[in-house]
Amino acid sequence: MKIGILGFGTVGSGVYEIISNSGNCLMKNLEISKILIRDKNKITLDNMTIEPNELLCDDNIDVIVEVMGGIHPAYEYIMKALKSGKHVVSANKAVVSKYLEEFTQTAKEHNVGFLYEASVGGGIPWLKSIKQVKRIDEISQVYGIFNGTSNFILYNMFEKGYDFNEILKLAQDKGYAESDPSADIDGIDIQRKLTIISSLAFDTVIKEESIPTFGIRHVTKSDINYFKKQNITLKLVATSVKNNNDYCSCVEPVLFTNNTIEANVSENFNIGSLTGSSIGELKFYGQGAGKLPTGNAIVQDIIDIYTEGYQNYPYYFDKKLSLNQNLIKGKYFIRFSNEQSKEVLKDVANDYFKLDSSHAIITNELTIKESQSLFEKLSKSETNLFYARYN
Ligand SMILES: NC(=O)C1=CN([C@@H]2O[C@H](COP(=O)(O)OP(=O)(O)OC[C@H]3O[C@@H](n4cnc5c(N)ncnc54)[C@H](OP(=O)(O)O)[C@@H]3O)[C@@H](O)[C@H]2O)C=CC1
Ligand SMILES: N[C@@H](CC=O)C(=O)O
């Protein structure tokens, strides 16, 4: 089976390394024919090119691996490959999250596979497991830690006292972060992943715009010291819940007591949990970012195409669900700077305390709808507001 790789950065080179170095007989059937790079001065291998049509229009190439990132030209290249009868494997959650339904439909029409396991949870066989669970069960909830960079940052701030920017730089050096790391720390990367996860889990199309998203950019050392004293740990979490024909999704920092599994997810690891109607709760754990774990997920998809395993998973996005932001609720820790914000918060809590030079409260139980309306009001005057929901 001949493979063309679009993009030769962290993940593209991981795919190359896994396929080139494996002695496994199944893998001997996989051959990397061509690699697209952007800059001709960076050509280091005979099969590298800067001309995309040398891959997309090559009738001998069976599978296109898209690991360039971004929306354009990734969208156009994926569509062109699918329409010319090539299977496509992508790790690019930005483009998959926006065009999942269209790519899936186009792949079906051209009788090829479109697989994107690496777009969520790095090396964890998580999307595959969702598809497998759905062969029997309805899924009512999915949640988890799906961003390796933010987990790496929080873990190292908690355990080793690192400063935010210092540890972010290390995550970038290790190849975990997106080219624009604000996607990781502001929750955008995990929002895209949640779109993919929930669309698949609930057989519908969940749009990024329907997911309230807040990241970890404003977390401070004093917040962390306070959480440590309370024996709780902070994680950036994506959650989607379905109840009959209603759904609710959100991405926000969540506080877990230290004895939970989530609190103990370290470094660049991810964990995904789902609840199925007969299987109950299942959890999947592994490295959520990095060259080889992500490369591994891509090669697994290629093998599914080679063995036609991808055809075992028919899936549709045809359920009509309504957004109901009352389905997820919890108490919140809120840290704010302005004395006047107490007025906005007076109906949700009355127990204020000082956190160094800031103020903080723990709220009563709030739904996502209530908490969103509160945070919208607060952010008019607060620039470094930080909040987290208690699990
Ligand atoms: N890193 C990780 O752990 C994970 C990444 N992903 C996803 O995988 C994808 C790739 O990520 P990653 O490998 O980390 O990113 P990198 O930035 O390391 O690699 C992307 C590569 O694609 C090249 N590229 C971009 N646009 C073009 C183009 N138009 N033509 C040719 N080459 C192009 C870049 O070239 P140049 O250097 O010249 O800009 C770069 O070498 C992204 O979508 C990311 O979200 C998914 C899971 C984990
Ligand atoms: N930047 C992402 C890479 C994998 O999806 C992350 O940190 O999780």
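Colleague: Is the crossing of helix 5 and helix 9 left-handed or right-handed?

Modeller: Start with the idea: a crossing is left-handed if the near helix is turned anticlockwise from the far one by less than a right angle, and right-handed if clockwise. Helix 5 and helix 9 make a right-handed crossing. Two notes on reading this: the model is predicted, local features need pLDDT of at least 70, side-chain atom pairs count only at pLDDT 80 or more, and totals for chains, interfaces and linings use all residues. Residues are numbered from 1 along each chain as its sequence is written, chains are lettered from A and ligands numbered from 1 in the order in which they are written, and side-chain values use heavy atoms, with hydrogens and water left out.

Colleague: And what angle do helix 5 and helix 9 pack at?

Modeller: Helices (H or I, at least four residues) and strands (E, at least two) are DSSP runs, numbered from the N terminus. Axes are lines fitted to C-alpha atoms, for helices over the stretch in contact, and angles run from 0 to 180 degrees between N-to-C directions. Here helix 5 (residues 126-133) and helix 9 (residues 188-202) pack at about 15°, their axes 9 Å apart. That makes the two helices roughly parallel; the scheme is under 35 degrees for roughly parallel, over 145 for roughly antiparallel, 65 to 115 for roughly perpendicular, and oblique for the rest.

Colleague: Which residues of helix 5 and helix 9 meet?

Modeller: Contact means heavy atoms within 4.5 Å. On the helix 5 side you have Trp126, Leu127, Ile130 and Lys131, and they meet Ile196, Ile197, Leu200 and Ala201 of helix 9. Sorted by class, the helix 5 contact with helix 9 has seven nonpolar residues, no polar ones and one charged. The classes: Ala, Val, Leu, Ile, Met, Phe, Trp, Tyr, Cys and Pro are nonpolar, Asp, Glu, Lys and Arg are charged, and the others, Gly among them, are polar. As for the spacing, an α-helix has 3.6 residues a turn, so residues three or four places apart point the same way.

Colleague: How do helix 4 and helix 9 pack, and at what angle?

Modeller: At about 40°, again with a 9 Å gap between the axes of helix 4 and helix 9. That pair is therefore oblique, and the crossing of helix 4 and helix 9 is left-handed. Lys93, Ala94, Val96, Ser97 and Leu100 of helix 4 make the contact with Asp189, Arg192, Lys193, Thr195, Ile196 and Ser199 of helix 9.

Colleague: What about helix 1 and helix 11: what angle and axis distance do they show?

Modeller: Helix 1 (residues 10-21) packs on helix 11 at about 65°, with the axes 8 Å apart, in a right-handed crossing. By class, that contact has eight nonpolar, six polar and two charged residues. Look at Gly295, which lies in helix 11 (residues 291-306): its C-alpha is 4.8 Å from that of Gly14, 281 residues away in sequence. Beyond its neighbours within four places in sequence, Gly295 touches Val11, Gly14, Val15, Ile18 and Gly290.

Colleague: Is Gly295 buried or exposed?

Modeller: Buried means under 20% relative accessible area, exposed over 50%, and partly exposed in between (1.4 Å probe, protein chains only). Gly295 is buried, at 0%. Asn111, by contrast, is exposed at 60%; this residue has a positive phi of about 55° although it is not a glycine, and sits in the loop between helix 4 (93-109) and strand 6 (114-115). Glu267 also has a positive phi, about 45°, and is partly exposed at 23%.

Colleague: Which residues touch the most other members of the largest nonpolar core?

Modeller: A nonpolar core is a set of buried Ala, Val, Leu, Ile, Met, Phe, Trp, Tyr and Cys residues joined through side-chain atoms within 4.5 Å. In the largest one, of 120 residues, they are Phe114, Tyr116, Trp126, Ile298 and Ile334. Apart from it lies another core, of eight residues, including Tyr143 and Val254.

Colleague: Where is the cis peptide bond?

Modeller: Between His72 and Pro73, with omega near 10°. Pro73 is in the loop between strand 4 (63-66) and helix 3 (74-83).
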